[in-house]
Amino acid sequence: MICIQTPIGEHEVEKLQIGDQIEISGVIYCGRDAVLPKLVRLIESGDLNRVGVNVEGGVIFHTAVSPAGIGPTSSNKVEIEGSIPALSKAGVRIHIGKGALGSETVEELRKYHSVFAVTPPVSALFSDKIVSRRVAAFREEGMEALYQLEVRGFPAIIAIAHGKTIFGPRQRGG
Amino acid sequence: MLTRARIEVEVKNCLVRAGTTFRPDQLRAYRNAIRREKNENARWVLEKILENAEIARKNAFPLCDDTGIPHVFLDIGGGVSLPRDWLSAISNGVVQGLRAMPGRPMAVRGNPVERVEQSRGLFVDPGKVSPAPVIVKSVPGDKLKITVLLLGGGPEIRAKTYRVFHKRSIDVVLGEAAEWASSEVRNLGCTPCVPAIGIGRTHVEASVLMVEAMKDGSLSRQNSWEKKVTELINETNVGPLGLGGDTTALGTFIKIGPLRASGIRVVSMRPGCCFEPRKSSVVLG
């Protein structure tokens, strides 16, 4: 088990290998289909700091946040997987979700020194790991807004790192 | 005589139990799988799922944040006396259960087109997630058995109802259903799965039989055909969360209804996620 504290340095990411079990503590962001493309547009327009979001050395968990808790959604949906290159370039070090990603994304993650981790949909267990939560941006998206969570010991497994993937070839329809 | 108030509270409790607790057969199946599983990361996932079940039970918190669409299955004894407007009491119980659990507030607002396009956002009230049409079956006796099932979104993306040319062989029919499941579990993410299979005459009937298979099935009571489908899926080595290993399916539930003279059978296969079937029953009357 490797314990990771946010913000995460590039040198820490270099040490992570596929199959590593990790536990993350510190601040993470949560977003999915609705909000991640909006976040990418803020990065591209240079307005990210204006809304008080700092993704440098950060973690993004692909999930909604609701009274029913949090849990990974499929990261290979167009809006989510499509956001990974720009967010990695902007400094996100760990993307967390579920499901295999395409070979282009594997390469983009390598290029920008980021990794992809997966975690089971264990919402009750996650609820025990959340210290605090608040809406960080795009409140109008409801449970799909960008949330900032403080977590302690959030579990995941490294699935894609340094051009290697734990998954076999992706099937059609993923 | 059963009252509306009693029905409401029992349905509410069933829904909360279905969404927040593992049954003994699920706990046993996971413990056995952890003992057998040789892949270390696969075992880690299975252990986290068991740990999750323990916390969900202790804190009365949803097992999964996708709390699912409620489905109500009624086995009604011919001799049971029911109060006026008992069906609306069941609907009220579902609403109360969703608010109490709480369910995920994921009901889509607006007129039919706005709902399809999801252009007017979501209701904040989890009670707005209305149940699917109630399934009713007549049974002997003087009791009413209510089962609440919660069907998550992931398996809905991967489910399939279609005709199979049976060639007068159950092996052919179940082999094809196992093939559907095997090709879909790679993309499901939330493995290990528990597929449910209904075999009937029409698409509606096959789908109802698939839900009935979930209602009646137990992971501790598997017939030879159910074991065979499970083994075929496990040969994929997709494993928990797609990380590889021997535990891609924990078990299978099959229900075969009346059939017609034809070269085809209509088969409904829903792969079911790692928490499913999320169900709870109560017998009243």
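**Notes on the predicted model**

1. The contact between the chains, where contact means heavy atoms within 4.5 Å, takes 34 residues from chain A and 35 residues from chain B. This is a predicted model, in which local features need pLDDT of at least 70 and side-chain atom pairs count only at pLDDT 80 or more, while totals for chains, interfaces and linings use all residues. Residues are numbered from 1 along each chain as its sequence is written, chains are lettered from A and ligands numbered from 1 in the order in which they are written, and side-chain values use heavy atoms, with hydrogens and water left out.

2. The size of an interface is often given as the accessible area lost when the parts come together. Here the buried area (the accessible area, with a 1.4 Å probe, that two parts lose on being put together, summed over both) is about 2700 Å² between chain A and chain B, and carbon and sulfur atoms give 64% of it. What is the count of salt bridges between chain A and chain B? The count is 0, a salt bridge being a side-chain nitrogen of Lys or Arg within 4 Å of a carboxyl oxygen of Asp or Glu. Between chain A and chain B there are, however, 7 residue pairs in polar contact, both residues being at pLDDT 80 or more. A polar contact is a pair of N or O atoms within 3.5 Å; within protein, one must be able to donate a hydrogen and the other to accept it, and residues adjacent in sequence count only if both atoms are side-chain atoms.

3. On the side of chain A that touches chain B, helix H6 (123-127) and strand E7 (146-161) of chain A each supply at least two residues; helices (H or I, at least four residues) and strands (E, at least two) are DSSP runs, numbered from the N terminus. The largest share of that side, 4 residues, comes from H6(A). By residue type, the side of chain A that touches chain B divides into 17 nonpolar, 12 polar and 5 charged residues, where Ala, Val, Leu, Ile, Met, Phe, Trp, Tyr, Cys and Pro count as nonpolar, Asp, Glu, Lys and Arg as charged, and the others, Gly among them, as polar.

4. Most residues other than glycine have a negative phi, and most peptide bonds are trans. Against that background, a cis peptide bond joins Thr6(A) and Pro7(A), with omega about -5°, and Pro7(A) sits in the loop between strand E1 (2-5) and helix H1 (10-15) of chain A. In chain B, Glu276(B) and Pro277(B) are likewise joined by a cis peptide bond, with omega about 0°, and Pro277(B) lies in the loop between strand E7 (264-270) and strand E8 (278-284) of chain B.

5. Ala60(B), although not a glycine, has a positive phi of about 50°, and its place is in the loop between helix H3 (40-59) and strand E1 (69-77) of chain B. Ala60(B) is partly exposed, with a relative accessible area of 44%; buried means under 20% relative accessible area, exposed over 50% and partly exposed in between (1.4 Å probe, protein chains only).

6. Phe61(A) and Phe154(A) form an edge-to-face aromatic pair, 5.0 Å centre to centre with 70° between the planes. Rings of Phe, Tyr and Trp (its six-membered ring) pair if their centres lie within 6.5 Å, and planes under 30 degrees apart count as stacked, over 60 as edge-to-face and the rest as tilted. Because Phe61(A) lies in strand E3 (residues 58-62) and Phe154(A) in strand E7 of chain A, the pair ties together parts that are 93 residues apart in sequence. Phe126(A) and Phe154(A) form a stacked pair, 4.7 Å centre to centre with 10° between the planes. Both Phe126(A) and Phe154(A) are buried, and Phe61(A), Phe126(A) and Phe154(A) form one aromatic cluster.

7. The whole structure holds 26 salt bridges over all chains. One of them joins Lys38(A) and Glu141(A), whose closest N and O atoms are 2.8 Å apart. In chain B, Arg57(B) forms a salt bridge with Glu54(B) at 2.7 Å between the closest N and O atoms, and these two residues, 3 apart in helix H3 of chain B, are separated by about one helical turn.
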